[in-house]
Amino acid sequence: MFATTPHVCLRARAAIILFLLAGSTACSYRTSITPSPIQHIVFIVKENRTFDTYFGGFPGADGAVSGMTSNGQRVPLSHLADSALAYLCNTTSCTLQAFDGGKMDQFDLGAKNLDAYGRMTEQDIPNYWAYARHFVLADRYFTSSVGPSFPNHLFVVAAQSGGVVDNVIGTNTGKNCDGTPSGSVPVMDQNGNITMQSPCFDFRTLPDLLEGAGISWKYYGDWGGVMSTIRHIYDAKFHKQRIAEPSQFETDVANGQLPAVSWLLPPSGKTEHPPESVCQGENWTVQIVNAVMQSPAWRSTAIFITWDDFGGFYDHVPPPKVDRFGMGPRVGLLIISPFAKSGYVSHTTYEHSSVLKFVETRYRLPALTARDAAASDMLDSFDFNQSPQPPFILNPRNCPAGQVLSPDPKVFTAFDND
């Protein structure tokens with residue numbers, strides 16, 4: 001699990017002595033940790049909540065419980081209801097507006113009143129906080145794209161968006177990969193020019209690398225999720241074996257068929273995308289994590305739980321500028337594994353591409369793009385020398401009474417209008 005590689009010692013003995021006399025060493029040893037005990041990687045992607053919205057008050061993390069507005073006022077982040085009724089603007093233009101060049105003080109311009117300045121406490125999401133206290137919470141995990149769901153979900157599987165910078169717009173202006181009518185998406189070329197194109201693309205993804213290397217994988221998402229927008233995967237013979245509905249995940253776990261790499265999107269109503277119930281969404285997550293923990297696969301699994309984009313909600317940390325697509329606003333990340341450090345808050349900069357980098361590191365796969373090549377491999381959050389953590393089973397909660405709202409499944413998908 002530990003690999004120690006001596007750097008080649010060059011120069012004559014006299015040079016070595018000079019180095020030693022100067023207080024340096026001519027030969028150094030680099031210790032690297034490899035995630036070889038991990039046989040299963042599960043990437044769970046939920047919807048539209050920033051780090052400050054969920055973990056702004058978490059001890060030891062860089063969170064905020066107040067925020068700046070466009071008129072220079074500092075306002076407290078007010079308590080959010082379980083089912084938020086507000087739809088906040090999270091388009092690329094609204095995201096850039098909220099950033100205000102890194103001042104992070106114009107989130108109110110994309111919302112009604114101060115709806116963007118809200119947060120939930122430990123009492124609202126006790127199980128997420130319990131995971132954070134017991135395993136790893138990352139407070140420098142940024143979305144990959146400055147914008148909403150669709151481009152970020154493409155980054156989740158490909159470390160790029162193919163130039164996509166926003167969600168599907170309009171109707172009957174483009175075609176899906178199956179040839180049916182759809183809206184179109186804005187796509188930016190190398191020169192910054194934007195054209196409207198059909199939401200069907202053909203660039204290399206991490207599933208392509210896994211398939212080529214003979215490493216098992218599966219994507220669990222309603223209607224195929226974003227994988228239905230990658231033409232060569234949609235047309236592939238293995239499509240029906242590799243793409244499944246979210247409900248299939250627990251069946252695969254129970255049958256001992258958890259793939260080496262899984263992407264899991266919650267079904268409609270469990271995503272936590274406003275106006276959905278956060279409690280019901282958290283309960284679904286707990287159900288999934290419990291299923292893995294109660295299976296033999298737990299002892300060799302790493303689970304990454306994050307949120308796809310900021311949803312218009314406030315966060316106080318300006319994202320790094322790495323290229324013309326991002327990064328986007330900060331969201332929470334939970335890392336759950338027998339080998340995750342216990343009670344650790346990672347301050348290392350991560351993004352969606354970092355989870356792909358972790359997979360590539362584990363299976364010695366090449367990088368897909370400059371993004372995952374430069375991303376952190378996330379190994380600071382693991383200790384493969386520690387005694388493996390046992391299952392940490394949590395109970396689902398009784399959710400607030402009342403109507404549980406969710407978008408119409410016929411028009412809402414992980415990559416459609418939100």
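## Glu122 and its partner

Glu122 is partly exposed in this predicted model, at 26% relative accessibility. A salt bridge joins the side chains of Glu122 and Arg133, with N to O at 3.0 Å. Arg133 belongs to helix H4 (residues 126–134), whereas Glu122 sits in the loop between strand S7 (118–119) and H4, so the two are 11 residues apart. Arg133 is also partly exposed, its relative accessible area being 42%.

## Other salt bridges

The structure contains 10 salt bridges. In one of them, the closest N and O atoms of Asp62 and Arg140 are 2.8 Å apart. Asp62 is in the loop between helix H2 (51–55) and strand S4 (66–68), and Arg140 is in the loop between strands S8 (136–138) and S9 (141–142), so this pair ties together parts 78 residues apart in sequence.

Arg371 pairs with Asp323, again with closest N and O atoms 2.8 Å apart. The pair connects helix H12 (residues 370–374) to the loop between strands S16 (301–307) and S17 (333–336), parts that are 48 residues apart in sequence. Arg371 counts as buried at 8% relative accessibility, while Asp323 is partly exposed at 25%.

## Helix H6

In helix H6 (residues 206–213), the buried residues are Leu206, Pro207, Leu209 and Leu210. Viewed down the axis of H6, they fall within an arc of 160 degrees, so they line one face of the helix. Their cover includes helix H5 (149–158) and helix H11 (352–363).

## The whole protein

The protein has 12 helices and 19 strands. Of its 418 residues, 56% count as buried.

Terms used:
Residues are numbered from 1 along each chain as its sequence is written. This is a predicted model: local features need pLDDT of at least 70, side-chain atom pairs count only at pLDDT 80 or more; totals for chains, interfaces and linings use all residues. Side-chain values use heavy atoms; hydrogens and water are left out. Buried means under 20% relative accessible area, exposed over 50%, partly exposed in between (1.4 Å probe, protein chains only). Helices (H or I, at least four residues) and strands (E, at least two) are DSSP runs, numbered from the N terminus. The arc is that of the directions from the helix axis to the C-beta atoms. Contact means heavy atoms within 4.5 Å. A salt bridge is a side-chain nitrogen of Lys or Arg within 4 Å of a carboxyl oxygen of Asp or Glu.
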